[in-house]
Amino acid sequence: MPCEGTRLRFPPCPTARTPFPLVPCAVVPGRRRLPRVGARMTLAAGCCQAESGPRCGGLRQRRPRRPASEPSRPSPLPRAWAPLEAPVGVWAPLAFVTLLSFASRFYRLSEPPHVCWDETHFGKMGSYYINRTFFFDVHPPLGKMLIGLAGYLSGYNGTFPFQKPGDRYEHHNYIGMRGFCAFLGSCLVPFAYLTVLELSKSLSAALLAASILIFDTGCITLSQYILLDPILMFFLMGAVLSMVKYNSCADRPFSASWWFWLSLTGINLAGAIGVKFVGLFVVLLVGLNTVYDLWELLGDISLSLVTLGKHLLARVFCLILLPLALYTAQFAVHFAVLNKSGPGDGFFSSAFQSRLIGNNLHNVSVPEHLAYGSVITMKNLRMAGGYLHSHWHLYPEGVGARQQQVTAYLHKDLNNLWVIKKHDSNTADHLDPSCSVEFVRHGDVIRLEHKETSRNLHSHQHEAPMTRKHLQVTGYGINGTGDANDFWRIEVVGRKAGKRIKVLRSQIRLTHLATGCILGSSGKTLPKWGWEQVEVTCTPYVKETPNALWNVEDHINPKLPNISLDVLKPSFPEILLESHMVMIRGNSGLKPKENEVTSKPWHWPVNYQGLRFSGVNETDYRVYLLGNPVVWWLNLVTIGLYLLMATCAIVAMKRGVQLTAEFKELSEVLLHSGGKIMLGWLLHYLPFFMMGRVLYFHHYFPAMLFSSMLTGITWDTLLKFCAGRLSCSMGRRVYTYGTLALMLLIVYSFYLFHPLSYGMVGPMASDPNSPMAGLRWLESWEF
Amino acid sequence: MLGFLKQPVVVTAEINVNLVALTVMGLVNRLWALSYPRAVVFDEVYYGQFVSLYMKRIFFVDDSGPPFGHMLLAFGGYLGGFDGNFLWNRIGAEYNMNVPIWSLRLLPALTGALCVPLAYQILVELHFSHCAALGAALLILFENSLITQSRLMLLESVLIFFILLAILSYLKFYNLQKCSPFTAGWWFWLLLTGVACSCAVGVKYMGLFTYMLLLAIAGVHSWHLIGDQTLSNVSVLCHLLARGLALVVVPVAMYLSFFYVHLTLLYRSGPHDQIMTSAFQASLEGGLARITQGQPLEVAYGSQITLRNVLGKPMPCWLHSHKSTYPIRYENGRGSSHQQQVTCYPFKDVNNWWIVKDPGRQQLVVSNPPRPVRHGHIVQLVHGITTRYLNTHDVAAPLSPHSQEISCYIDYNISMPAQNLWRVEIVNRESDTDVWKTILSEVRFVHVNTSAVLKLSGASLPEWGYRQLEIIGEKLSKGYHQSILWNVEEHRYGKSQEQKEREVELHSPTQADISKNLSFVARFTELQWKILTLKNEDTEHKYSSSPLDWITMDTNIAYWFHPLSGAQIHLIGNVLTWASANVATLVYVCLFLWYLLRRRRKICDIPEDAWRLWVSAGGLCVGGWAVNYLPFFMMEKTLFLYHYLPALTFQILLIPVVLQHLTDHLCRYPGKPTGCSAVLISGDEGSEMMGFIVPAAALTSGTLHYVPSVVTLPCLPEGHGENYSVNACTAPGKVNCSPV
């Protein structure tokens with residue numbers, strides 16, 4: 001590696017002359033047991049030693065064994081960076097960035113006073129919590145519960161319908177919910193600041209990372225509306241921060257702060273997955289970090305096995321059991337709050353619905369065993385499967401035989417009713433009150449007659465409309481008189497022949513007698529002619545799937561006594577499992593349509609295309625979610641730069657090049673701390689390439705947080721490295737001006753692009769009269 | 001000189017009889033009675049059609065993988081003199097006499113047979129005993145599923161062969177690395193690794209997994225090399241460059257060459273033409289090329305053109321209009337402009353012709369000299385037969401209410417003026433003054449008044465629109481998507497002034513000059529892209545299975561069934577082999593973790609070199625199994641048991657590895673305290689035989705039970721099958737088979 005070689009053969013300044021005398025806090029002997037922490041601290045002291053005294057003090061106020069000498073350490077050098085940091089230590093910059101962050105997020109929070117983008121979903125779901133009506137969403141409940149709570153506390157009464165983007169809020173109080181999201185979004189900046197500070201021990205790196213996040217238009221926009229993303233990112237960054245903190249407590253295991261940060265990590269993890277499943281990536285990050293941590297501990301022979309076991313147990317408890325318990329608790333609250341029937345009922349099984357007040361299955365009492373002559377509805381057991389349905393419409397020309405359609409329908413309707421009859425006799429016998437009731441038994445051959453149209457459930461050797469390899473199912477016959485293709489054998493899974501069939505609880509399979517196929521729902525949506533209901537087919541493949549299983553939901557038979565079916569109510573683990581299955585199905589069902597332009601993961605780091613939050617035309621108040629291009633491109637370049645620097649450093653070390661002490665420390669920060677952040681970025685970005693579902697630009701923002709922190713660390717290291725090679729005063733100047741230039745660049749670009757988040761009115765950017773004219777640097781930006 | 005007079009010339013040949021015997025056994029086992037059954041078996045129906053197309057030199061696209069595998073099969077057909085005339089439409093159909101089924105199946109069988117000695121050699125190169133190597137080879141030799149798969153015209157055995165070859169050559173190369181780098185042998189094995197990798201990838205994309213594994217292993221080894229401070233910087237660089245050349249550059253070049261051969265061989269147009277762009281089609285002989293041959297290249301004002309949508313999904317189609325108008329009210333109650341319909345029509349038709357008109361002039365003919373249309377020019381598009389102008393306005397499209405309706409303007413004399421100016425934007429232009437070219441240019445039409453873009457929505461219109469595809473004006477162009485791009489396919493310079501003449505002209509075939517061939521790179525990129533993105537509808541299959549079923553062998557595939565005799569071929573594994581392979585994997589993983597954790601605590605259970613051997617053999621075998629198996633859990637396509645065979649091969653190699661390790665280090669000294677003092681035991685017959693016993697047991701039990709499933713058992717009443725005692729033919733009512 002010639003470049004590295006020459007660079008590193010440069011004669012180092014003698015210690016006395018180095019710009020970074022390695023004296024301050026960390027070198028105090030005997031303070032730390034683990035050498036790597038010590039090395040990091042040296043660095044902290046290294047370059048910015050003007051700040052080091054007070055800062056170390058500030059950082060360690062919580063720590064009991066703080067050396068007394070530290071705070072009083074004099075600052076030996078003239079304050080080249082005085083305006084940035086010197087006298088105020090760490091807390092003043094922290095307060096400053098927090099203030100800026102809150103100011104930028106809360107500025108014009110109430111604008112625009114109408115529903116923007118996905119507020120229509122999440123606002124609506126918040127209202128559902130306030131109204132306690134049950135709904136279904138593909139994300140876990142925590143985020144929406146918090147939104148609902150914020151709305152409730154701020155006096156929103158849950159009456160606004162949130163119908164579509166652009167609806168005016170009028171008198172409804174929406175500021176509370178937006179303010180809550182903006183509050184959490186503002187916390188990201190101090191979190192990032194503290195994380196970077198902890199990792200790199202360099203104030204300027206932390207300030208750089210914080211300013212990137214403060215002045216990124218994308219982060220501002222995303223934090224200002226009623227969305228899940230600020231909540232998700234809050235927990236995510238919280239988890240990263242507490243993970244970093246507990247890592248740096250590694251020298252004092254089982255101390256109070258160690259326990260505090262460890263359990264805080266677990267709590268934040270539970271929060272992150274509780275908002276969106278994307279939170280799993282940060283779980284993975286923390287998991288990998290913990291495994292590495294344990295591996296290091298295992299290699300430390302001085303620790304006894306008992307201590308190791310304690311370490312392991314502590315982590316299992318705080319990072320696995322605690323989050324799991326909290327996560328389950330969220331669902332318990334979710335189910336307890338949402339106890340009224342609502343729009344989400346149809347997605348869940350009959351047993352689940354019986355829990356919901358207002359649902360027709362709630363406190364229901366029906367005849368328990370199926371009998372001939374009963375009027376029933378049948379529900380498919382597939383998750384979000386519909387009711388067996390038919391109506392007065394025929395299959396169109398060219399789609400199988402031209403007979404009456406049979407579909408699966410998610411909503412409750414009179415057309416879902418069917419009458420069970422014997423295959424060889426007619427209705428009258430059963431309705432005759434004098435006739436005794438005859439129960440349907442496992443293995444019986446039956447006929448199902450559609451109540452409204454009096455046609456029989458029928459199948460034959462024609463291909464089904466969508467699933468070509470299955471057979472078509474139709475309604476056939478007049479007034480219940482059909483042919484032998486109307487005969488079905490009814491069977492219950494796991495039951496012996498001759499047993500009765502129970503309502504709700506029996507899982508029923510209907511086998512077509514003539515062809516041997518099984519009645520099932522394929523899950524595919526029919527086109528317009530089928531009213532976009534779900535296809536029902538007869539599958540010749542005999543496989544045990546819920547697609548081909550049904551249960552009886554409603555059951556009307558005046559001749560039988562009704563019994564209460566409270567016993568059916570599912571237990572909490574069952575509904576937990578079921579709601580997860582439904583969510584996973586829902587998520588994988590979000591597939592992009594043919595010919596639809598969708599956002600691709602490679603677009604994101606390039607800032608290729610944004611999202612319209614509000615407004616389309618010139619007269620509208622327009623908000624456009626787009627990252628500050630300067631910031632994003634800086635981030636993008638930095639990733640390449642980081643990889644280059646890390647490779648050079650690691651190869652140089654592997655080749656055994658003699659490095660000076662401060663280069664060693666720099667590469668330590670680069671590889672160790674930077675590596676963690678880089679891993680976070682990869683984990684939050686790469687999996688999207690493998691996802692089949694519809695993707696949006698805002699999915700990149702968690703990764704963008706990591707990328708921004710990496711930018712802070714990398715540039716700081718690079719500048720220190722350059723400064724280290726120059727003479728002392730020169731070096732300091734390069735370092736100062738470099739950092740300042742980067743920050744000014746960020747602030748100036750924010751000044752240019754701030755209308756993206758705070759709203760634009762007037763002509764589009766393509767018009768030369770627009771205030772944004774000349775800023776449409778990419779043709780794909782639509783503002 | 002004349003030294004041979006003084007001393008005798010001695011040729012010492014070292015022949016490993018084991019290896020030769022294994023090869024012969026493999027050949028016998030795979031090649032014996034190869035042309036039975038003379039009927040289409042399972043996926044032969046699929047690969048066969050491609051072989052036929054190769055023989056006839058007709059172009060096709062197969063989304064299942066790159067063309068090298070098909071080419072190899074076709075090579076077999078070529079050797080056997082196959083003329084390609086066979087209708088591959090049904091599993092079980094009898095082959096005609098002109099199908100050289102023996103030579104078609106020869107290549108997969110040969111590669112399958114060679115896997116046996118390869119397995120032997122791999123274990124030897126891993127520094128395991130010959131006994132263990134023999135065990136591995138025998139397990140491969142007698143694995144029913146591998147035999148079945150090799151004896152038919154299928155690609156898995158070819159794939160496995162190349163995978164094993166790549167592994168073996170890398171091991172050979174690595175072993176040479178220590179003593180003699182940069183010698184001829186070193187280069188040979190290094191290059192062979194790259195070549196075998198690219199062949200594996202070329203046969204099926206699954207080969208990519210093994211390629212990645214090898215790259216990772218090579219990466220780890222190179223990293224050690226970098227750390228080796230006895231080497232100078234220059235020699236480290238040379239080593240790295242050599243690896244980069246052989247393991248990256250060579251495979252990529254080979255892969256390109258497969259496509260080059262493929263595209264050179266297939267020069268005739270065929271059934272899959274429609275999937276490709278017009279430019280690609282025009283480069284094939286026949287088909288579109290016959291029509292477009294000699295068209296004028298540059299589109300000029302007055303040109304008569306047909307416009308094809310570039311995307312070709314859901315089906316390829318051309319911009320079309322006809323006399324019918326949009327219904328005044330749609331079924332859902334929304335209103336329309338009631339103007340003439342504009343659709344996209346998937347068939348060639350005279351109504352697909354449009355005339356490019358200069359808004360400033362009235363003529364519909366090409367002036368002399370022609371005035372070409374360039375990027376950014378504003379044009380009107382006139383429908384040839386009805387002479388109405390392509391128009392869009394602020395009315396919702398029939399099926400996509402968020403977009404604008406596209407119509408051909410009819411002046412109803414209401415306050416709705418014509419808005420028929422379109423800006424031509426050439427997307428793949430080289431400069432801003434590019435001329436709009438036939439076939440080559442991909443063009444976007446931007447409406448001047450509303451800046452809507454002409455787009456194919458993908459939905460089909462209902463009855464009133466004759467089920468043709470909907471065309472919309474998308475107001476918010478969300479960037480680049482192929483559904484908004486159009487290219488001129490048929491093209492001629494219009495000459496007729498009068499509408500009557502023009503109609504005659506539109507009906508006549510096009511004629512003129514100029515043809516343009518695409519470069520190889522353009523054709524390769526397009527074909528590769530189509531192969532990767534072409535999605536067949538997910539089809540449920542009777543024998544499809546999930547990855548979890550594979551390890552437990554809960555699934556099988558009936559390949560073939562003779563309707564009269566009841567003879568069948570089933571793909572099913574050797575139970576004992578599969579079970580012991582699973583156990584071996586489990587034991588390996590557990591032991592590995594155990595050693596690893598204890599080594600971390602500085603407790604060494606086995607000596608250092610035994611540990612290294614254990615890691616490298618396991619990394620290869622378990623790693624190979626994992627990379628070839630686990631990715632299937634994330635795939636959404638229809639999966640079959642045969643997808644597991646490459647993974648299984650690696651798992652089988654692991655059995656003797658684990659057995660030898662167990663006998664050497666664990667069973668030998670049960671009471672011995674663990675520690676660094678354990679000694680590597682020199683090969684002793686008794687212990688090493690352990691590596692052999694289980695495989696041998698596996699064979700005997702497995703083959704006895706499963707032979708019927710491998711070699712099909714004819715029990716034809718005519719009795720011209722071989723003489724087997726058969727218990728597979730138990731179909732009721734069949735003639736009981738006895739030796740003839």
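A salt bridge here is a side-chain nitrogen of Lys or Arg within 4 Å of a carboxyl oxygen of Asp or Glu. Keep that rule handy for these close-ups of a predicted model, in which local features need pLDDT of at least 70, side-chain atom pairs count only at pLDDT 80 or more, and totals for chains, interfaces and linings use all residues. Residues are numbered from 1 along each chain as its sequence is written, chains are lettered from A and ligands numbered from 1 in the order in which they are written, and side-chain values use heavy atoms, with hydrogens and water left out.

**View 1. A salt bridge inside one helix of chain A.** A:Lys720 pairs up with A:Asp716 in a salt bridge, and their closest N and O atoms are 3.2 Å apart. Why are these two separated by about one helical turn? Because A:Lys720 and A:Asp716 are four residues apart in helix α20 (residues 701–725) of chain A. Helices, by the way, are DSSP runs of H or I with at least four residues, strands are runs of E with at least two, and both are numbered from the N terminus. Over all chains, the structure holds 25 salt bridges.

**View 2. Where chain A meets chain B.** The contact (heavy atoms within 4.5 Å) takes 35 residues from chain A and 38 residues from chain B. Together the two chains bury about 3000 Å², with 52% of it on carbon and sulfur atoms. Buried area is the accessible area, found with a 1.4 Å probe, that two parts lose on being put together, summed over both.

**View 3. Chain A's side of the meeting.** On the side of chain A that touches chain B, the elements giving two or more residues are α12 (280–299), α13 (305–337) and α18 (629–654) of chain A. α12(A) gives the most, with five residues. Sorted by class, this side has 15 nonpolar, six polar and 14 charged residues. Ala, Val, Leu, Ile, Met, Phe, Trp, Tyr, Cys and Pro count as nonpolar, Asp, Glu, Lys and Arg as charged, and the others, Gly among them, as polar.

View 4. An unreviewed UniProt entry places the feature "transmembrane region" at several stretches of chain A, including residues 202–220 and 312–333. Such annotations may be inferred rather than shown by experiment. Residues 202–220 of chain A are 84% helix and 0% strand, with end C-alpha atoms 25 Å apart. Residues 312–333 of chain A are 100% helix and 0% strand, and their end C-alpha atoms lie 30 Å apart.

View 5. Residues 437–493 of chain A are 0% helix and 44% strand, with end C-alpha atoms 24 Å apart. For residues 498–555 of chain A, the numbers are 0% helix and 43% strand, with the ends 20 Å apart by C-alpha.

View 6. Most residues other than glycine have a negative phi, and most peptide bonds are trans. The bond from A:Glu111 to A:Pro112 is cis, with omega near -15°, and A:Pro112 sits in the loop between α4 (91–106) and α5 (119–131) of chain A. B:Asn368 to B:Pro369 is cis too, with omega near 0°. A:Phe254 has a positive phi, near 65°, in the loop between α10 (229–248) and α11 (256–275) of chain A.

**View 7. How confident is the predictor?** pLDDT is the predictor's confidence in each residue, from 0 to 100. Chain A averages 81, and the mean for chain B is 82. Over residues 1–88 of chain A, pLDDT stays under 50.
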